[in-house]
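Here is a friendly walk through one model, in questions and answers.

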Amino acid sequence: MKNTATLLISCPDRRGLVAAIANFLLTYNANILHADQYQDDDAGLFLMRIEWDLNGFTLDMSAFEAAFAPIAERCSMNWQLKRSTEKSRLAIFVSKYDHCLVDLLHRWQTGELGCDIPLILSNHEDCRRVADFYGVAYEVISVNKDNKQKAEARQRELMAEHRIDLIVLARYMQVLSHEFTAAFPNRVINIHHSFLPAFDGAKPYHRAHERGVKLIGATSHYVTEVLDDGPIIEQDVTRISHRDTVEHLIRKGRDLERIVLSRAVRWHLDHRVLVYGNKTVVFE
């Protein structure tokens, strides 16, 4: 396993930021492996991701915050420090459709997703067999309009018990409350089709087929208090032919959902996503 640290930074744009950050790291013998930056001219913001090898780095990581504070304060930086050796703990929420769940668990088992998955949470029993196959604990909490507050309280208890860092909604067909999402800012990732707002409701693929669409897509985003309106992490599309039936559209849509969700989760786990406003920068 690599032993690196990653610094994610956003601050008002000004001259000398890259030099200040690089010189700070060089002071402690950092070997910089990756550095990427972006300036949003409209917002006047500087955003950066920089990763370095901790082998030979002479600053004790427990002292990093105090050492970096003068630069951060002088430049009005918002910043996060992540270490590659500290794996995120991920909970997957799912209802009945298992295609995204199976894909995530397979990628996790093969090492593509660098995280721990101690818990799968559902409002149905349907996916328990998948959890059992991968050896992951599976909890069922039924949710309806009468018990939603109590159900979410139990869900939050489980998140605390399992020390969950990131929640992935792998086709979890329940709307989370504002109170729930506010407890996990930019730490709940959702996946859905990209027909919104044109084809919402229960059967978007049927309506899209009736309309004769030529493209279908999927969107993965962070969950906020506004339904399906959080910062977008990843999207993709595929072309549709007049020969495609509704069943073909659904199959192609599910393929996109799996791929788009796994990309978004991997980029989050690799500390490649910076959120500002209702937008994201995803560093390659």
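**Pockets, a helix and some rings**

The largest pocket holds about 830 Å³ of space. This is a predicted model, in which local features need pLDDT of at least 70, side-chain atom pairs count only at pLDDT 80 or more, and totals for chains, interfaces and linings use all residues. Residues are numbered from 1 along each chain as its sequence is written, and side-chain values use heavy atoms, with hydrogens and water left out.

Me: Which element gives the largest share of the lining of the largest pocket?
Reply: On a 1 Å grid over the protein atoms alone, a pocket is an open set of points where a 1.4 Å probe fits, with protein on both sides within 12 Å along at least five of seven lines; lining residues have an atom within 4 Å of a point. Here 32 residues line the largest pocket, and among those nearest its centre are Arg171 and His192. Helices (H or I, at least four residues) and strands (E, at least two) are DSSP runs, numbered from the N terminus. The largest share of this lining, 4 residues, comes from strand 9.

Me: Which element gives the most to the lining of the second largest pocket?
Reply: The second largest pocket has a volume of about 520 Å³, where a volume is the space filled by probe spheres set on the grid points, joined across faces, edges and corners. Its lining has 22 residues, with Leu8, Gln80, Lys82, Asn186 and His268 nearest the centre. Strands 1, 4 and 12 each give two or more residues. With 6 residues, the element that gives the most is strand 4.

Me: How far does helix 8 reach from its first C-alpha to its last?
Reply: Helix 8 has 24 residues. The expected span of a helix is 1.5 Å times one less than its number of residues. For helix 8 the expected value is 34 Å, and the reach is close to it, at 34 Å.

Me: Why is the pair of Phe64 and Trp79 tilted?
Reply: Rings of Phe, Tyr and Trp (its six-membered ring) pair if their centres lie within 6.5 Å; planes under 30 degrees apart count as stacked, over 60 as edge-to-face and the rest as tilted. The centres of Phe64 and Trp79 are 5.9 Å apart and their planes lie at 55 degrees, so the pair is tilted.

Me: Is Phe68 buried or exposed?
Reply: Buried means under 20% relative accessible area, exposed over 50%, and partly exposed in between (1.4 Å probe, protein chains only). Phe68 has 0% relative accessibility, so Phe68 counts as buried.
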